[in-house]
Amino acid sequence: MDQRLWLSVLLAAGLLCLAFAPVSQAEDQVEDVLGGDVDVEDELDLDIAGVEEEEELDGDMQDEAPPAPKTPPTPKVTYKAPEPMGEHFFAESFDRGTLEGWVQSSAKKEDADEEIAKYDGKWAVEEMKDSKLPGDKGLVLKSRAKHHAISAQMLRPFTFDTKPLIVQYEVNFQSGIDCGGAYVKLLTQTPELDLDHFVDKTAYTIMFGPDKCGEDYKLHFIFRHQNPKTGEYEEKHSKKPEADLRTYYTDKKTHLYTLVLNPDNTFEVLVDQTVVNSGSLLTDMTPPVNPPAEIEDPDDHKPEDWDERPKIQDPAAVKPEDWDEDAPAQIADEDAVKPDGWLDDEPEYIGDPDAVKPEDWDEDMDGEWEAPQIPNPACETAPGCGAWKRPMIDNPNYKGKWKAPMIDNPNYQGVWKPRKVPNPAFFEDLQPFRMSSFSAVGLELWSMTSDIFFDNFFITDDRNAADRWAADGWGLKKAAEGAAEPGLATQMLNAAEERPWLWVVYVLTVALPLVLIVVFCCTGKKKSVATPAADYKKTDEPQPDVKEEEEEQEEKKAEEAEKSSPAAEKSDGEESPAEKEEEEAEKEGTADEKLEDDVLRRSPRNRKVRRD
């Protein structure tokens, strides 16, 4: 049992060590995401720039002071700017550190107050505030409660033909997000396109990206479809994703947003390379791309004699003669009796005798002053005060106003609907993928939160090229963020600081398994020594009569005691020869009787039948 106890203690200690061991697998994570193309440094330079050195102490004190404990170095990921590979139409990593190629709008927003109509929100190219990759820069929205608009020309326009469209970029809400968007617009190629006057009404082909206000978390995918009959454009919105999007707006991590449009009219929306929404441009957009073939006739009107009532009152029903419509719903209880001690002359409330009229009370303006009412102290011990009234009870004879019962309407014609006529605006576009070409990328945003970080825009028709760009950009950020994440023990302690009740959970989680291990391993049942009767029950062998054996053993013990007792010999003294002969004769007689009794007992006739 001692071995089991020690094994239990060792097992519990091992579980505790595993539970609080820091999780640090940055190197494996980097190799998995990037395929080993990035260098991971196992050691950090302890002389970090910006950290002030402590003043030197006296020589003796410095020699006697124990060395400060060194924390284990955190793995660091070396940043390398992504390079576009393969066919692409636009690629921007902002690692040059400037807004070269980007145009900030100088226009004003129509239908807005003059104070906020101008697109004067600030943009900057800089690293993230808590960057895990020194040297990695991006486009940052710097202002709050302002309109922002910035755009850039693509290498060449994208034309929807036989190849898919892949749009992807990164967003990090460094300060969270209260109300605002981080979506991108693909601006339609038109002769009127002027990036210097980019506003909310500038024509776009696709709008895609995250948007949030309050507790409404959205991930937009909107495209503008042109009516082939009228030439007018109408926005088509994808269905709302079923996945929970809350984490992407609150965890302050960099997330990769990807839109894939295929020539077969299917689409996919991905976040961090995981599909969160998908469908068809023909069936999963609102409103539908193609209008209905038939519509309700606007000139059709319901006839005046059209009866839509499924039930009517029975015209043959008659009110019963004994139906009393004037009977009240409640009546006074005639069996009620006024309780003893009821104070009829005492009011239920009285004026507060301790109240004093305020000094600034003006009776001409405020009226006559009256003390505020308080419960009458005399009524506290009495069953009640004031005029006693009988309590009200339900009237057993109450029936209410009589109404005729409802029956099926014999003239019911159903709910009227206008007739269907061919839709004059009907058309059928079976290739909504063939949208208007676009030639520029733009961000036109309003946000109540600043420091929204954008990075690594990429537009292509090659899925492999997009995956390589994502691995070189977002994959590197993911690896760096994973390397900088605290261990499990640190995360548990931080969570407990925010929610102190977690300490109770931790204690129960650690103590309960230890108690169970001790109980099950150290308090086993002791084996009791089996009695002869129990042993006999396990076999079918014949067993002697227990009582007879006990009697024989007692007689033998008595004889041995008589022979070995010196005190008895001294007390009796020497016996005469005659007495010895009498004793021998008595012994022989008793021996013969015992022999006869033994023979009788062992006779099969006297033996009782043994129960199974």
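How accessible is Lys218: buried, partly exposed or exposed? At 35% relative accessibility, Lys218 counts as partly exposed. Here, buried means under 20% relative accessible area, exposed means over 50%, and partly exposed covers what lies in between (1.4 Å probe, protein chains only).

## About the model

Before we go further, a word on the basis of this report. This is a predicted model, in which local features need pLDDT of at least 70 and side-chain atom pairs count only at pLDDT 80 or more, while totals for chains, interfaces and linings use all residues. Residues are numbered from 1 along each chain as its sequence is written, and side-chain values use heavy atoms, with hydrogens and water left out.

Helices (H or I, at least four residues) and strands (E, at least two) are DSSP runs, numbered from the N terminus.

## Salt bridges

Let us stay with Lys218 for a moment. Its side chain meets that of Asp216 in a salt bridge, at 3.6 Å from N to O. Asp216 is partly exposed too, at 33% relative accessibility. A salt bridge here is a side-chain nitrogen of Lys or Arg within 4 Å of a carboxyl oxygen of Asp or Glu. Searching the whole structure gives 27 salt bridges.

Another of these pairs is Lys142 with Asp451, whose closest N and O atoms are 3.5 Å apart. This pair links distant parts of the chain, 309 residues apart: Lys142 sits in the loop between strand S6 (137-141) and strand S7 (146-158), and Asp451 in the loop between strand S26 (438-447) and strand S27 (452-460). Lys142 is partly exposed at 33% relative accessibility, whereas Asp451 is buried, with a relative accessible area of 13%.

Arg419 and Asp297 also pair up through their side chains, with 3.0 Å from N to O. Here again distant parts of the chain are linked, 122 residues apart: Arg419 belongs to the loop between strand S24 (406-408) and strand S25 (420-422), and Asp297 to the loop between strand S18 (294-296) and strand S19 (311-313). Arg419 is partly exposed, with a relative accessible area of 47%, while Asp297 counts as buried at 11% relative accessibility. Elsewhere, salt bridges that share partners join Glu126, Lys129, Lys142 and Asp451 into one network.

## Disulfides

A disulfide is a covalent bond between the sulfur atoms of two cysteines. In this report, the term is given to a pair of cysteine sulfur atoms within 2.5 Å. The structure has two disulfides, and with bonded cysteines counted along the chain, they follow the pattern 1-2, 3-4.

One of them joins Cys179 to Cys213, with 2.1 Å from S to S. The link of Cys179 and Cys213 is left-handed, with -90° about the S-S bond. Since Cys179 lies in strand S9 (residues 179-181) and Cys213 in strand S11 (residues 204-213), the pair ties together parts that are 34 residues apart in sequence. Both ends are partly exposed: Cys179 has a relative accessible area of 22%, and Cys213 has one of 42%.

Cys379 and Cys385 form a disulfide as well, with their sulfur atoms 1.8 Å apart. The link of Cys379 and Cys385 is left-handed, with -125° about the S-S bond. Cys379 and Cys385 are both buried.

## Surface patches

Patches are made of residues with over 30% relative accessible area and no salt bridge; like charges are joined within 9 Å, and nonpolar side chains (Val, Leu, Ile, Met, Phe, Trp, Tyr) within 5 Å. Accessible areas come from the Shrake-Rupley method with a 1.4 Å probe, and for residues, only the protein chains shown count as cover. Leu512, Val515, Leu516, Val519 and Phe520 make up a nonpolar surface patch, together having about 490 Å² of accessible area. Leu512 is part of helix H10 (residues 502-522) and is exposed, at 51% relative accessibility.

A negative surface patch brings together Glu359, Asp360, Asp362, Asp364 and Asp366. Asp and Glu count as negative, and Lys and Arg as positive; His and the chain ends are not counted. The place of a charge is taken as NZ of Lys, CZ of Arg, CG of Asp or CD of Glu. Asp362 lies in the loop between strand S21 (349-351) and helix H6 (363-366) and is partly exposed, with a relative accessible area of 34%.
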